[in-house]
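Q: I am new to this structure. Can you show me how to read its features, one by one?
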Amino acid sequence: YAAHVTMQAIAHGKHVVLMNAELDGTLGPILKTYADGKTVHWLDIGQSFLTDDGTLKRDLMPDALHPNLEGYRVWLEALRKAVAPVPLTLTALPSWLSQPAFSTLVDVADGYVLQVHSLQPPRGINSPFTLCDPSAARKAVELAARSGVPFRVALPTYGYHVAFDQLGRFIGLSAEGPRRDWPAGTVVREV
């Protein structure tokens with residue numbers, strides 16, 4: 001799904017920034033053929049995440065899949081060099097704001113978008129749930145304002161499909177893509 005969206009965006013001259021980590025190496029070579037250094041840039045920064053012996057730097061990707069804030073900083077620094085003077089902004093989560101690495105991450109960017117919407121797994125099928133807790137969002141915005149770095153706030157513009165099994169237990173969710181086919185008997189609520 002993401003590969004299709006990316007290729008369509010490039011075909012229609014849209015701006016796309018994509019951090020592409022692949023196990024099978026299918027999309028990367030295709031994207032590389034579109035790189036012209038003007039509107040489409042190809043950066044292979046994989047070496048930045050590897051030690052001298054070729055193993056993954058776990059201090060940048062502790063779960064061996066997702067970069068932590070320091071890993072995102074490494075990625076943004078490489079991106080900054082390639083696309084300068086294009087301004088760079090990043091999307092940040094409220095949980096990042098109190099981490100020491102956040103200040104060095106946003107120092108690399110020209111600003112950030114604070115994503116205040118999130119869905120906490122509901123306790124049961126009849127439990128109330130919301131996509132954006134106004135109190136938590138306000139606290140995050142107040143904390144972000146202390147950083148001194150320009151930011152915008154992202155409010156929910158989409159919804160989730162929240163799935164429960166036949167006993168009413170939360171089993172998963174989907175958002176921003178094609179609707180999932182859940183197992184028979186699954187009850188789906190939207191938020």
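Q: How many salt bridges does the count come to?
A: This is a predicted model. The count comes to 5 salt bridges. One of them joins Arg-73 and Glu-70, with the closest N and O atoms 2.2 Å apart. Arg-73 also meets Glu-77, at 2.6 Å from N to O.

Q: Where do Arg-73 and Glu-70 lie?
A: Both lie in helix H3, 3 residues apart, about one turn of the helix. Glu-77 and Arg-73 are 4 residues apart in H3, again about one turn. Shared partners join Glu-70, Arg-73 and Glu-77 into one network.

Q: Is Arg-73 buried or exposed?
A: Arg-73 has 16% relative accessibility, so it counts as buried. Glu-70, at 26%, is partly exposed. Glu-77, at 32%, is partly exposed too.

Q: Which parts does the pair Asp-110 and Arg-80 tie together?
A: The side chains of Asp-110 and Arg-80 meet in a salt bridge of 3.1 Å, N to O. Asp-110 lies in the loop between H4 and S2, and Arg-80 in helix H3, so the pair ties together parts 30 residues apart in sequence.

Q: How do I read the packing of two helices?
A: Two packed helices are described by the angle between their axes and the distance between the axes. For H3 and H4, the angle is about 10 degrees and the axes are 9 Å apart. The two helices are therefore roughly parallel. The contact residues divide into 7 nonpolar, 1 polar and 4 charged.

Q: And the nonpolar core?
A: Nonpolar side chains tend to be buried together in soluble globular proteins. Here the largest core has 29 residues. Leu-76, Leu-90, Phe-102 and Tyr-112 touch the most other members. H3 gives the most to this core, with 7 residues.

Note on methods. Residues are numbered from 1 along each chain as its sequence is written. This is a predicted model: local features need pLDDT of at least 70, side-chain atom pairs count only at pLDDT 80 or more; totals for chains, interfaces and linings use all residues. Side-chain values use heavy atoms; hydrogens and water are left out. A nonpolar core is a set of buried Ala, Val, Leu, Ile, Met, Phe, Trp, Tyr and Cys residues joined through side-chain atoms within 4.5 Å. Buried means under 20% relative accessible area, exposed over 50%, partly exposed in between (1.4 Å probe, protein chains only). Axes are lines fitted to C-alpha atoms, for helices over the stretch in contact, and angles run from 0 to 180 degrees between N-to-C directions. Angles under 35 degrees count as roughly parallel, over 145 as roughly antiparallel, 65 to 115 as roughly perpendicular and the rest as oblique. Ala, Val, Leu, Ile, Met, Phe, Trp, Tyr, Cys and Pro count as nonpolar, Asp, Glu, Lys and Arg as charged, and the others, Gly among them, as polar. A salt bridge is a side-chain nitrogen of Lys or Arg within 4 Å of a carboxyl oxygen of Asp or Glu.
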